[in-house]
Amino acid sequence: MREELAGADDFGVDAVDVTVPSVSRMYDHYLGGKDNYAVDREAVAALDRKVPGTRALALDNRGFLRRVVHVLSREYGVRQFIDHGSGLPTQDNVHQVAQRVDGGARVVYVDNDPIVLAHGRALLEENARTAVIRADMRDTDAIFDSPEVGRLIDRGAPVALLFVSVMHCLPDASDPAALVERVMARVPSGSFIVLNQLVSLDAETREFVTDFMGRSTQGQWGRVREPHEVAGYFAGLDVIDPGLVEITGWRPDSDLRCRHTDDVWFEYGGVARKR
């Protein structure tokens, strides 16, 4: 069964296969969105039965994204962002957070899911300082050579490259560390990378989630890793305070904010600057 996404033809995107769960649509469901299908909700339910607390991880991740963009905008003066693997639009998207600090902030969203392209373009078509492109986040040349990046991103000014909760979608064969090196080579000194991914200290959890998501998404998944592996992505970069942490501990906006206390699996990462 295949089903056309409403309005897809208007944006030149492909039909959406609703028989295979999508990571971005599963995430949308966790955040309370409506742009998901039964197959996505069924995958979420099955995952939660084995490793409860996944919805809390999604919400924590969204809070981390908001805090990071706000801090980079207000404290470091960043005015341009490229959001790799951006997922479906929801509340407090990158451009909304950044443009509250400076209305001239520019954002390019990148995702390979056709439903993201359709909904993203519909949402952003009246905002001249934002764009969404359909591309694999590993295809650095296609992204940086795209007309949208050429129009919105000043190559001579610092840019924030966002890889928020997406590196676990990449298998080892894709060499996530090499991806970081490629994108950082395309931006000037003073630019930032924001990166976090799902990790676990428990081998059984890592194996289960990696296998479950790989089978459910028909290979559109990578691996749950260990914290030291994520730390390796930041080699040669200056990690800013508070360092690499479980993400609810990254500059919390309130002492009353609930901290993630489940150490079975969690989101781990931080922010670093290019020298």
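Predicted model: local features only at pLDDT ≥ 70, side-chain atom pairs only at ≥ 80, totals over all residues.
## Inside and outside

Of the 275 residues in the protein chain, 53% are buried. The accessible surface comes to about 12,100 Å², and carbon and sulfur atoms account for 48% of that surface.

## A helix under cover

Now find helix α2, which runs over residues 23-30. Is this helix largely enclosed or open? Six of its eight residues are buried, so α2 is largely enclosed by the rest of the structure. The buried residues are Ser24, Arg25, Met26, Asp28, His29 and Tyr30.

Which elements cover them? The cover includes α3 (38-50), α4, α6 (114-124) and α10 (203-216). After α2 comes Gly32, which has a positive phi, near 85°.

## Aromatic rings that meet

The model contains four aromatic pairs. One of them joins Phe64 and Trp250: the ring centres are 5.9 Å apart and the planes stand at 90°, so this pair is edge-to-face. Phe64 belongs to helix α4 (residues 54-74), while Trp250 sits in the loop between β7 (245-246) and β8 (266-273), so the pair ties together parts that are 186 residues apart in sequence. Both partners are hidden from the surface: Phe64 is buried at 0% relative accessibility, and Trp250 is buried with a relative accessible area of 0%.

Phe266 and Tyr268 make up another edge-to-face pair, with 6.5 Å from centre to centre and 80° between the planes. These two residues, Phe266 and Tyr268, are buried as well.

## Backbone details in the loops

In the loop between β6 (238-239) and β7 you will find Pro242. The peptide bond that leads from Asp241 to Pro242 is cis, and its omega is near 10°.

Two residues other than glycine have a positive phi here. For Gln218, phi is near 55°, a positive value in a residue other than glycine. Gln218 lies in the loop between α10 and α11 (227-232), and with a relative accessible area of 60% it is exposed, because that value is over 50%. For Arg251, which is not a glycine either, phi is positive and near 45°. Arg251 lies in the loop between β7 and β8. At 23% relative accessibility, Arg251 counts as partly exposed.

Gly236 is in the loop between α11 and β6, and at 51% relative accessibility Gly236 counts as exposed. Along the chain Gly236 and Ala272 are 36 residues apart, and their C-alpha atoms are separated by 9.5 Å.

The other place is in helix α6, where you will find Leu123. Is Leu123 buried or partly exposed? At 43% relative accessibility, Leu123 counts as partly exposed. Which residues does Leu123 contact, leaving aside its neighbours within four places in sequence? The answer is Pro89 and Asn93. Pro89 is 34 residues from Leu123 in sequence, and the two are 7.8 Å apart in space, C-alpha to C-alpha.

Key:
Residues numbered from 1 in each chain as written. Heavy atoms only, no water. Buried < 20%, exposed > 50% of the residue type's maximum accessible area, 1.4 Å probe, protein only. Areas by Shrake-Rupley, 256 points an atom, 1.4 Å probe, with all protein chains shown as cover. Phe/Tyr/Trp six-rings, centres within 6.5 Å; stacked < 30°, edge-to-face > 60°. Helix = DSSP H or I, 4+ residues; strand = E, 2+ residues; numbered from the N terminus. Contact = heavy atoms within 4.5 Å.
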